[in-house]
Amino acid sequence: MIISDNSVLTFKIIRFLLIGYNINEFDIKQLMFNNGTAITSIKSFTTEGDYITVTLNNSIDIKEEFFVIYKQNIIKLNYSELYKSKEFNDKYYFSGELGAFYGKDSTTFKLWSPAAKSVKVLIFKNGDAAIQETPSILNMEENNGLWSVKVLNNLKGYFYTYKIEVYNIVNEAVDPYAKFVGVNGLRGAIEDLEESSPEGWTEDSSPLLKNYTDAIIYEISVRDMTTHPDSAVNYKGKFLGLTEDDTKSSKDLYSGISHIKELGVTHVQLMPVFDFSYISTDEKDPVKYNWGYDPQNYNVPEGSYSTNPYNPLCRVLEFKEMIKHIHSLGVGVIMDVVYNHMFNPLENNLEKVFPGYYFRLDVKCNFSNGTGCGSDTASEHPMMRKFILDSVLYFANTYHIDGFRFDLMGVHDFETMNIIRYELDKLPRKILVYGEGWDLNTSLPHELKAVQSNAWKMPHIGFFNDTIRDTIRGSVFNNKDSGFISGKSDQEHTIKKCVTGLIKYSNELSGIYDTPDQSINYICAHDNNTLWDKLELSNSYDSYDDRKSMHMLGNAIVLTCQGISFLHGGVDFCRTKKGIENSYNHPDHINWMDWDRKSEFYDVFQYFKGLINLRREHPAFRMDNSQEIRDHLVFLDNMPQNTVGFILKDNANGDIWRNIIVVYNANKYPVIVNIPYSDYSRITDLSKGYTQVIATDKIECAKLSMTVLYN
Ligand code: CA
């Protein structure tokens, strides 16, 4: 384990590093402690290197910070190890529900903070923190770290915050468990959950997902889908914008949510829709654009996407209205969740409620910053783990969410992810769990991280497959680097591994995943250059038509590999962000879905539609277990350079086609490929479904293209 240099290990044992002294001359009589008014005496001590471990006669007081004083040195100890200990959790872990519980006759408030010396609930009439107001103040009572108070009034329509006295400061915080908030998320709101569902909500149901590998995911942002002037959507940039059906651009092509229905994907993945920071986007005047990867209130939808952010019910009702509409089109809804970090830890609610508990510290007791976004949350601390789990289950149950995409999942510990998978498995419908399993420098031992190399410890949790991404298009970190589709040679072996879903297929082709549903196959997402922009950078010397062919071939590979397919919204009409790699705070005209482009690249769009239809119609492309893939997928031998071919044989996964041959030709010239002799139907135009019957043992594959045959 990575233990901080200076730690409280249990209620009676501490360990610290003494720097600047000769350990052989260590004088225990000079050692003193400061733990508030607690009198602390030493029972025994041991030394190991420069570390000193001391056993105390009495328990430390966790409502005070703990300092070791040795001669001129004052060392602050960190409580992280204690928080993980059995004795701490036996005493303080709270397994019940937290938050504000509204009833017509009373509202009960529950907050967890064992470190707090006092907690008060402040009740306001206004949800806008900018309005001066003297709140009503009520004291809360503590029971082993759980603070609560029952208020015998009808508080519907009121707002609240907590005032927490902790470690000699007084913090005002929004309830981390708030389910409703005022404008900009600076006060919790008291509302009746019963009144927070739109008409027909109880009849809302998610589309059936039989196997995770059946999912074809399309990543969108609520705002980007409709802000373009030619979207023909009234509620531009709002949740309600995605409830408007049959919208068509001036080119008479479907836009907004109807575009997604037309395309035929099974799921949309929404970029952050939880309440993100008012500093990124002011809900009162949301001109400033932000993707929203800076969580503020995890259990509340974002206000700038609602038509009235001042009314706490509005964002909830409209978010549900949107989900209901998307479900009615037969499409599932996945949320992008960002439990891994919060910006500016000192200013956020979790830290204000219980300083030092919810965030991971490094060995020097500084906030661990593996995410590069401020501070990594400590998912290994039981009440943080519970916070994440409660939030996920709340969205799955209350909002009918069909999947969760974990931002920088590799920062979390794998056990937390497994518990989430386990609890979601109890629900009657299949819910996707996947994320970015990047290995970041967070203060957690590698063997505990939810990273790709630990995939075997996390059954049925998916990982963004950066092997397929970089092999097809070239490195995302080097604009000039190319990949299989764009002229780099010797990529055939890795492409073959990707075709199998990067499972352990054979000795030669051995991947990192246990099952195909662990492989999220993609070549572009909101991060980094769009595929079209990347090809312009890496292949500027190629013709426009060749780049278009590369673009289509790359996605043809994604949609015919085993695993789960993932598409970046707009990739189906060659989305551009005008060369801006990280457009998180760029204006709408960089980030929006440009519906004019759909007509410019209508042939590409039709091709994508054909690809998606092929995958949906043919289960052979989405086998759900590894043995089936080993039994039914064989590669063609003696292939020309820069060409990969395979057969999905013997009605794989119950397919109506007996054998399917797929060949990717990444050369800028046609190639002749040997196939086993048979009568085959060759798909001559995927977008129109045209086929041509041939009886042969040799086929010609056009340049920069995918060939599909079946019998
Ligand atoms: Ca917000």
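The legends below describe close-up views of a predicted model. Residues are numbered from 1 along each chain as its sequence is written, and side-chain values use heavy atoms, without hydrogens and water. Local features need pLDDT of at least 70 and side-chain atom pairs count only at pLDDT 80 or more, while totals for chains, interfaces and linings use all residues.

View 1. Asp 275 is buried, with a relative accessible area of 0%, and Phe 276 is buried at 1%. Buried means under 20% relative accessible area, exposed over 50%, and partly exposed in between (1.4 Å probe, protein chains only).

**View 2. Gln 296 in strand 20 (residues 295–301).** Helices (H or I, at least four residues) and strands (E, at least two) are DSSP runs, numbered from the N terminus. Gln 296 is buried, with a relative accessible area of 12%. Leaving aside neighbours within four places in sequence, the contacts of Gln 296 include Asp 275 and Phe 276; contact means heavy atoms within 4.5 Å. The Gln 296 side chain reaches the backbone oxygen of Asn 184 at 2.8 Å and the backbone nitrogen of Tyr 278 at 3.4 Å.

**View 3. The buried residues of helix 10 (residues 492–499).** These residues are Glu 492, Ile 495, Cys 498 and Val 499. They cover an arc of only 115° around the axis, which puts them on the same side of helix 10; the arc is that of the directions from the helix axis to the C-beta atoms. Their cover includes helix 9 (466–473) and strand 28 (643–648). Gly 501, which follows helix 10, has a positive phi near 85°.

View 4. Rings of Phe, Tyr and Trp (its six-membered ring) pair if their centres lie within 6.5 Å; planes under 30 degrees apart count as stacked, over 60 as edge-to-face and the rest as tilted. Tyr 83 and Phe 354 have ring centres 5.3 Å apart and planes at 70°, so this pair is edge-to-face. Both Tyr 83 and Phe 354 are buried. Phe 463 and Tyr 513 are stacked, 6.0 Å centre to centre with 10° between the planes. Phe 463 and Tyr 513 are also both buried.

Definitions and conventions:
A polar contact is a pair of N or O atoms within 3.5 Å; within protein, one must be able to donate a hydrogen and the other to accept it, and residues adjacent in sequence count only if both atoms are side-chain atoms.
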